[in-house]
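Okay, thanks everyone, let's get going.

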Amino acid sequence: NTGTIAAKGDITLTNTGTSGGGSATIEINGTGNQILTGSGTIDQGCLPMVNINKASGNLTLASIITSVNNWTFTSMGTGSLITTGSTVVFNASTTITGSHTLNNVTFNNTSGSGLSATIASGTTLTVNGTLTISGTNWINLNTGTIAAKGDITLTNTGTVSGTATLNLTGTADQAFINNASATSFQLATTVNKSSGTVTKSGTGGFYKPLTITSGILSLTDNTLFSDNVTVSSGGTLTCGTAGTTITVGSAKTITVNSGGTITCQGAVGSLVNLTGSAAWNLAVLTGAAYTMDYVQPTYSNASTSYQAIVATNSTDGGNNVNWSLTGGLSSASVVPATLVAGITGNATASFTTQTAIPIDGKIAITFPTGFNVASAGFSSATGVDGTLTPSVAGQVVTLTRSGGTASAAGAKT
């Protein structure tokens, strides 16, 4: 406790205890090359306060190093901080001061109380390897920025919150494995990549604002956006794979600015659901690009978009504004009873729907010029229940459904 140990040579941690650390400071300030070797096991051989303050010589971090007090980076002088293969674990309340780069970083809390880690104002902690947030109790990360260039793994079963910003900046593909609950990841997040894709898996959501400045964020599992999402020029949001549900908080907005892109691509019989418990907003602004195919929007207000959002092969989930949805068909045919002029008979329409026909849906059949359909009626149907009421406008016969149940995708006659 209390004083300072000036370490000018190597430091090796072999203590297997899981307590300790203390309030003393180990100042790493040798002028030659030094190695700091951790215990190799998380939470063992815990360090007290650390200050890296070298005028010359390299410092190599090796193995798993656990810190339970403040961690300060002052200077490497003319030397280099070499972190390849190492992991630094912060498992107690701490302040991290001084911008620098580490390899793997873990924030871990298995104590009976919370953990508050402050990244000092103006400090960016860059993580070249894997950023892991683990444990069983809440962790607050406050003030500064964590720049993650590698994968991110979130397994903490408490709440991960605070005022710090998580900035995903790697140039290669990154995996964001978010296995927290839908609302327990509560850090403002920015994707700012010159290349590569961030692929988010797991059912954890984004509780605070998400900004995609550049690069691609791809969502492969159900995701809740509790706050606003902004896609800037050069950014792309890929909303889910087939069958996933993207939920947006009440009155929150997904904004796609000029030069930005949003893509939601489902599949036959496996739509991407875009929903909210109440009205939410989609603003695709002039100059932005979008693809909506095999989706089902619900409670979506797109009135501030530059045009109606055209969604192909899609189903209306209800309570949408400024959407234009079209359902896809395959194997469509209309076969009249006869092609002899002047003969009246039935025409059989057969088709396969790619999405469900809603209970108030309509089936429109367009006949070529020369067919007289002015008095067309309806005989029977398979694959669709309820009542089908015909109406005629020009060469188009429309059958309007009522009194049935939603008709699943599939063959109809």
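Let me begin with charges. Searching the whole structure turns up two salt bridges, and please keep in mind that this is a predicted model. As a reminder, oppositely charged side chains can pair when their charged atoms come close.

One of the two joins lysine 252 and aspartate 227, at 3.9 Å from N to O. Lysine 252 sits in the loop between β26 (245-248) and β27 (253-256), and aspartate 227 in the loop between β23 and β24 (229-231). That's 25 residues apart, so to speak a link between distant parts of the chain. Is lysine 252 buried or partly exposed? With a relative accessible area of 26%, lysine 252 is partly exposed, while aspartate 227, at 19%, counts as buried, since the cut-off for buried is under 20%.

Then there's arginine 401 with aspartate 385, where the closest N and O atoms are 2.7 Å apart. Arginine 401 belongs to strand β40 and aspartate 385 to the loop between β38 and β39, so this pair ties together parts 16 residues apart in sequence. Arginine 401 is buried, at 3% relative accessible area; aspartate 385 is partly exposed, at 35%.

That brings me to the sheet around β40. Three strands make an open sheet, ordered β38-β40-β39, with antiparallel pairing. At the edges you have β38 (362-366) and β39 (387-393), each with a single partner strand, so one side of each has no neighbour in the sheet. From one strand to the next, the twist averages 20°. If you look at β38 and β40 (residues 396-402), they pair over five bridges, and alanine 364 has threonine 398 in β40 as its bridge partner.

Now compare an open sheet of four strands, in the order β2-β4-β6-β9, where the pairing is parallel. Its edge strands are β2 (11-12) and β9 (81-82), each pairing on one side only. Strand β6 (residues 59-62) and β9 pair over two bridges, with leucine 59 standing opposite leucine 81 in β9.

On to the nonpolar side. Which residues have the most contacts inside the largest nonpolar core? Those are Phe107, Ile262 and Met292, in a core of 73 residues. Strand β14 (residues 115-127) gives the largest share of this core, five residues. There's also a second, separate core of eleven residues, including Phe367, Val373, Val384 and Leu388.

Last topic, aromatics. The count comes to seven aromatic pairs. Phenylalanine 206 and phenylalanine 225 have ring centres 5.8 Å apart and planes at 25°, so that pair is stacked. Phenylalanine 206 lies in the loop between β21 (188-201) and β22 (210-219), phenylalanine 225 in strand β23 (residues 223-225), so the pair ties together parts 19 residues apart in sequence. Both phenylalanine 206 and phenylalanine 225 are buried, and along with Phe176 and Phe185 they form one aromatic cluster.

Phenylalanine 367 and phenylalanine 371 make a tilted pair, 6.1 Å centre to centre with 45° between the planes. Phenylalanine 367 counts as buried, at 14%, and phenylalanine 371 as partly exposed, at 33%.

That's my tour, happy to go back to any of it.

Technical notes:
Residues numbered from 1 in each chain as written. Predicted model: local features only at pLDDT ≥ 70, side-chain atom pairs only at ≥ 80, totals over all residues. Heavy atoms only, no water. Core = buried A, V, L, I, M, F, W, Y, C linked by side-chain atoms within 4.5 Å. Buried < 20%, exposed > 50% of the residue type's maximum accessible area, 1.4 Å probe, protein only. Phe/Tyr/Trp six-rings, centres within 6.5 Å; stacked < 30°, edge-to-face > 60°. Pairing = 2+ DSSP bridges. Axes fitted to C-alpha atoms, helices over the stretch in contact; angles between N-to-C directions. Salt bridge = Lys/Arg side-chain N within 4 Å of Asp/Glu carboxyl O.
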